[in-house]
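Take a walk through this structure with the sequence beside you. We will stop at a few residues and ask where each one sits.

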Amino acid sequence: MFCVTETLSHYSDMLLYVDALKAWKDTELPLVHALSSEITIQRENLIYHLGEEWQKLAVWKLPSTKTELTSEKSFLKTALHLNRGGSKGDESVPHALLPSILQALSIQGELHKKIKLFGQVLFKYMLKPLILYPSLVVEVSSQPEQGAVLSLQCTETKAEHPDPSQVYTKVLTVENPQFSLPISVPKPNTKTLSEILGDLIWEEMSECIIRECLVHSIPANSSQLAEYSEVIKQTEDFESSLKEMGYLAGDSTDLLKYARNINCHFASKKCQDVIVAARKLMTSEMHNTVKITPEYKLSIPKLPNPSGGEKERKESSKKSAHYDQQSLENEKQLSPNTLCLPMCRISESVQQLMELAIQTLSEVVGSSPQCAVQLFYTVRNIFHLFFDVVPTYHKDNFLKLPHLAAIQHNNCMFIAHHLLTLGFQFKPHLPLKDGVAYFVDLVPGFRRLGARCFVAQMNVQKAEMLERLSTARNFSNLDDEDNYSVASKAIRQVIHQLRRLGKVWQDVLPVNIYCKAIGTLLNTAISELINKIMMLEDISNVDGERLRTLCQTIIEEGPLVFNPLPDENKNKKYQEEVPVYVKKWMTLKEISMVLNANLQEIVDRWAEGKGPLAAEFSCNEMKSLIRALFKNTERRAAALAKITK
């Protein structure tokens, strides 16, 4: 084996001599060129031998290049043999020779390349798998006079993500000076071997630990933040150990800064998880509903009294006692249901969404000001997201399915109702300036969103209803059996449509909204029928009788579509209140009477512009109807003369 130190000394002297010869002017001696070429050849020969010795220091056993590195099992063939001396064929090489080899590589500018390649392989095939997979551990076996062998083994574990303390232990086992490259050779104005290796792999390794380990160790709720101090302590000890081994230099790194900045990371992770959970709820099925009653209240956890709360509470109680003494005995009391939601059904997902918002706001208690503000605005973002996601994602269903449109209407009103007071319940625990709107500013938008969705569905139903009525051939010439059959069928279809909607919306919409919606649709059908009748110029006796039959069909069956409650007995009240919800109801009744009345009965019911007919029709409308029903006679002329106001 050649002497590395002596070779380097001779090599340096030769370089000096050749450089001196080249410095002479007009020197073109063949000897100089020969010496220069020989030095280059010897240098390459030296680098080759040094490379061979380097390869004997660290022998890798790696997975096949055809193997996909997608699981912990694919890394089980990885092993690193760290030799302390020469090769198996030459165990007489002294241990002291290794510093000379490494220093020679450094002088030739090859050491950094060798260590960089070694660091890349070490990170890819050993350190990174140990960080990624909780079931992988490193096993160290010593071989006398030859060094140590580091291999990866698999153990059983149920953990989905690695624990920080386990990761730190495994990394330190690999990078322990006893088992890593066993020499640390200081050179003038240079770093040690471990420092070079640390500089090359630490940044990538710390990012990997943060991304695959520390991110998953962030607590799910604020109550676990205090326990995270143990992880911070473990990270500090980990970095201290690396500094002692020479792999790290300087103060705290990004890894420790990340662990110490837990409040910020907790808030960021919590906000991200909350938004993801909220969007999942918004895109879930809306058919599953829960019943809301006036007694319903959202479950809000008991919040601790903010600082100074005791003093404020005492002052408040004194003021309350003072007002109680001044209150009048006959003071009127508000209804227990004041400001309560009416009975209806909402999506189970929306109820869970509100619970998620309250749970997130509850996390602000005891959190840092920055974390509290971030959580607050995350909850606001939930409701902003609702505006964008729900109307878009469920758009087609809202138009096709009246049941879902009604539920969406209720969902929006439910959210708007609770946003009125949601912010004030958590106000003492939020570090926000006075004048912040909290959630009240979102209320009008949610009400408009719910109303817009339901109105769109109402327009769809109106269009269907008018389409059916358009097949009735303007309700003219009903003395023809085909025309009467078509007109009768159109009326029956309208009644059937209203009954179907009544069943779909029953026990879903609040009673008042239900009655207004059904009443509006029924009024549309009645208005269309009345308009068609008023447009007729000639109505025969048969036409009149059949038109009256159609009107009576609606008068008899129309109230029966008002079934807001499952209990039939309770629906009678709303069926009797049809004129309240159907604007043209009395007009229909009056026109039905006119179609079967004689001139005198019509004049009597007009009562000089003060009777029920005059309340529903104008003079011109009534005269036009009389002209269509009766032939031109003196009696008709006399009756027309009396139709005045």
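Start with Glu 203. This residue is exposed, because its relative accessible area is 56% and the cut-off for exposed is over 50%. Keep in mind that the model is a predicted one. Glu 203 lies in helix α6. Together with Glu 204, Glu 207 and Asp 254, Glu 203 forms a negative surface patch. Which helix gives the most to this negative patch? The answer is α6, which covers residues 193–217 and supplies three residues.

Charge is one theme of the surface. Nonpolar side chains are another. Leu 420, Phe 424 and Val 440 make up a nonpolar surface patch. Together these three have about 240 Å² of accessible area. Look at Val 440 in particular. Val 440 sits in the loop that runs between α14 (402–426) and α15 (443–469). Is Val 440 buried, exposed or partly exposed? Its relative accessibility is 32%, so Val 440 counts as partly exposed.

Now go inside. Find helix α7, residues 229–244, and pick out Ile 232 in it. Ile 232 has 16% relative accessibility and therefore counts as buried, since buried means under 20%. Next find Asn 261. Ile 232 and Asn 261 are 29 residues apart along the chain, and their C-alpha atoms are separated by 9.5 Å.

Helix α17 runs from residue 511 to residue 535, which makes 25 residues.

Next come the charged pairs. Side chains of opposite charge can pair when their charged atoms come close. How many salt bridges does the structure hold? There are twelve.

Glu 464 forms a salt bridge with Arg 468, and the closest N and O atoms are 3.9 Å apart. Both residues lie in helix α15, four residues apart, which is about one turn of the helix. Glu 464 is partly exposed, because its relative accessible area is 30%. Arg 468 is partly exposed too, with a value of 24%.

The next stop links two helices. The side chains of Arg 499 and Glu 557 meet in a salt bridge, with 3.0 Å from N to O. Arg 499 is in helix α16 and Glu 557 is in helix α18 (residues 541–557), so this pair ties together parts that are 58 residues apart in sequence. Arg 499 has a relative accessible area of 38%, so it is partly exposed. Glu 557 is also partly exposed, at 27%.

Asp 507 counts as buried because its relative accessibility is 16%. Lys 291 has 38%, so Lys 291 counts as partly exposed. There is one more partner to find. Salt bridges that share partners join Lys 291, Arg 345 and Asp 507 into one network.

Finally, look at the backbone. Most residues other than glycine have a negative phi. Asp 507 has a phi near 65°, a positive value in a residue other than glycine. Glu 608 also has a positive phi, near 55°. Where is Glu 608? Its place is in the loop between α22 (599–606) and α23 (612–616). Glu 608 counts as exposed, because its relative accessibility is 66%. Asp 507, by contrast, is buried at 16%.

How values were computed: Residues numbered from 1 in each chain as written. Predicted model: local features only at pLDDT ≥ 70, side-chain atom pairs only at ≥ 80, totals over all residues. Heavy atoms only, no water. Patch = residues over 30% accessible without salt bridge, like charges linked within 9 Å, V, L, I, M, F, W, Y side chains within 5 Å. Areas by Shrake-Rupley, 256 points an atom, 1.4 Å probe, with all protein chains shown as cover. Salt bridge = Lys/Arg side-chain N within 4 Å of Asp/Glu carboxyl O. Lys, Arg positive; Asp, Glu negative; His and termini not counted. Charge placed at Lys NZ, Arg CZ, Asp CG, Glu CD. Buried < 20%, exposed > 50% of the residue type's maximum accessible area, 1.4 Å probe, protein only. Expected span 1.5 Å × (residues − 1).
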